[in-house]
Amino acid sequence: MFNLKSIELRNFFSYEHTVVDFTKSGLYLISGHSDLGGDSNGSGKSAILSAICFALFGRTTTGLSTKDVKRWNSKESMSVSLSLSSTERNTYRITRRDSGVSFYINDKKIEGNQRDLQSSIDTTFNTNYSLFIRSTLFSQSQAEFFGSAGDADKKRLFKSILGLDRIDWAYVKVKVAYDSISSKLDDIN
C-alpha cells in the first residue's frame, strides 16, 4: 500500500507554486473558493488530482501532456513533484518537468530513458494510466447512478470502472469456442 506524502506544483495550470502536504493520517477533502464570489469552479481542486496523475504518468486525468499543463504566460519552467511512502517504509519521489522525468526510490535515483522510467513507475506502483483513471475518477453521472442503483447495476458499474467487463466478454468468447470444439469432438467420436 502506498501513501501520499506531498505534491509540489510549479507553474502547473493555475498554480504558480503550491505544496500540498498529506502527511497527517486521515481523509483529505480538497475544497476551493473563487475570489470573484459565487461557486468554486476554476479554483484548482481538480488540478490537484490531475497533478498526481501527471506525476505518475506524464498525462493529466483528461489526457493533457507536458506542453498543455504549463501555467499560462509563465516564462519559468513547469514541474510536478510527487512524494509517496509504502507500508514497507520505502519512500518514492517522481518529478516531471518540461524536460523529462526523474524517479527516486529511498533517495536513490533510478536511471533510464523516459520509457524505462515510466515502466519502472508502472511496475513499482502496480498500475498504469488506464487503470488509474478507471479506479480513481468517479464521474457525477456515475455517482448519481450509484446512489439509486440496485446491486446488479452497481456490480456492472464497478466491473466497467475496473475494466472487468472485458474479462466477462473474453470468457463468453472462450466458452463459445470451447463449445464449438467440444461439439466437433463429439461428432468425431
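Is S85 buried or exposed? At 18% relative accessibility, S85 counts as buried, because the cut-off for that class is under 20%.

Confidence comes before detail. The chain averages a pLDDT of 84. A score of at least 70 is reached by 86% of the residues. Strand β6 (residues 108-110) has the highest confidence in the chain, at a mean of 97. Helix α5 (residues 140-148) has the lowest, at a mean of 59. Where pLDDT is low, the predicted coordinates should not be read in detail.

The overall layout is as follows. The chain has seven helices and six strands. From the N terminus on, the elements run β-β-α-α-β-β-β-β-α-α-α-α-α. There are 189 residues in the chain, and buried residues make up 29% of them. Contacts were also sorted by separation in sequence. Among those between residues at least 6 apart, 50% join residues at least 24 apart.

Not counting residues up to four places away in sequence, S85 touches M1, F2, N3, K5, N90, T91 and Y92. L84 lies in strand β3 as well. L84 counts as buried, because its relative accessibility is 7%. With neighbours within four places in sequence left aside, L84 is in contact with F2, N3, L4, K5, N90, T91, Y92 and F125. L84 and I94 are 10 residues apart in sequence. Their C-alpha atoms are 8.7 Å apart in space. S79 is also found in strand β3. Its relative accessibility is 13%, so S79 counts as buried. Beyond residues up to four places away in sequence, S79 touches E8, L9, R10, R96 and R97.

Two loop residues have positive phi values. R89 is placed in the loop between β3 and β4 (91-97). The phi of R89 is near 70°, a positive value in a residue other than glycine. R89 counts as exposed, because its relative accessibility is 75%. D107 is placed in the loop between β5 (100-105) and β6. D107 is not a glycine, yet it has a positive phi of about 65°. At 62% relative accessibility, D107 therefore counts as exposed.

Leaving aside neighbours within four places in sequence, A55 is in contact with V80, L82, I94 and R96. A55 and V101 are 46 residues apart in sequence. In space they are 8.4 Å apart, C-alpha to C-alpha.

Helix α1 also packs against helix α4. Two packed helices are described by the angle between their axes and the distance between the axes. Here α1 (residues 45-57) and α4 (residues 129-136) pack at an angle of about 160°. Their axes are 10 Å apart. Angles over 145 degrees count as roughly antiparallel, so α1 and α4 are roughly antiparallel to each other. The crossing of α1 past α4 is right-handed. Which residues of α1 and α4 meet? From α1 come L49, I52, C53, L56 and F57. From α4 come Y129, F132 and I133. The residues of this contact divide into eight nonpolar, no polar and no charged.

R59 lies in the loop between α1 and α2 (66-69). Not counting residues up to four places away in sequence, R59 touches C53, F54, L64 and Y129. R59 and Y129 are 70 residues apart along the chain. Their C-alpha atoms are separated by 8.1 Å. R59 counts as partly exposed, because its relative accessibility is 36%.

Note on methods
Residues numbered from 1 in each chain as written. Predicted model: local features only at pLDDT ≥ 70, side-chain atom pairs only at ≥ 80, totals over all residues. Heavy atoms only, no water. Axes fitted to C-alpha atoms, helices over the stretch in contact; angles between N-to-C directions. Helix = DSSP H or I, 4+ residues; strand = E, 2+ residues; numbered from the N terminus. Parallel < 35°, antiparallel > 145°, perpendicular 65-115°, else oblique. Left-handed = near helix turned anticlockwise from the far one by under 90°. Contact = heavy atoms within 4.5 Å. Nonpolar A, V, L, I, M, F, W, Y, C, P; charged D, E, K, R; others polar. pLDDT = per-residue confidence, 0-100. Buried < 20%, exposed > 50% of the residue type's maximum accessible area, 1.4 Å probe, protein only.
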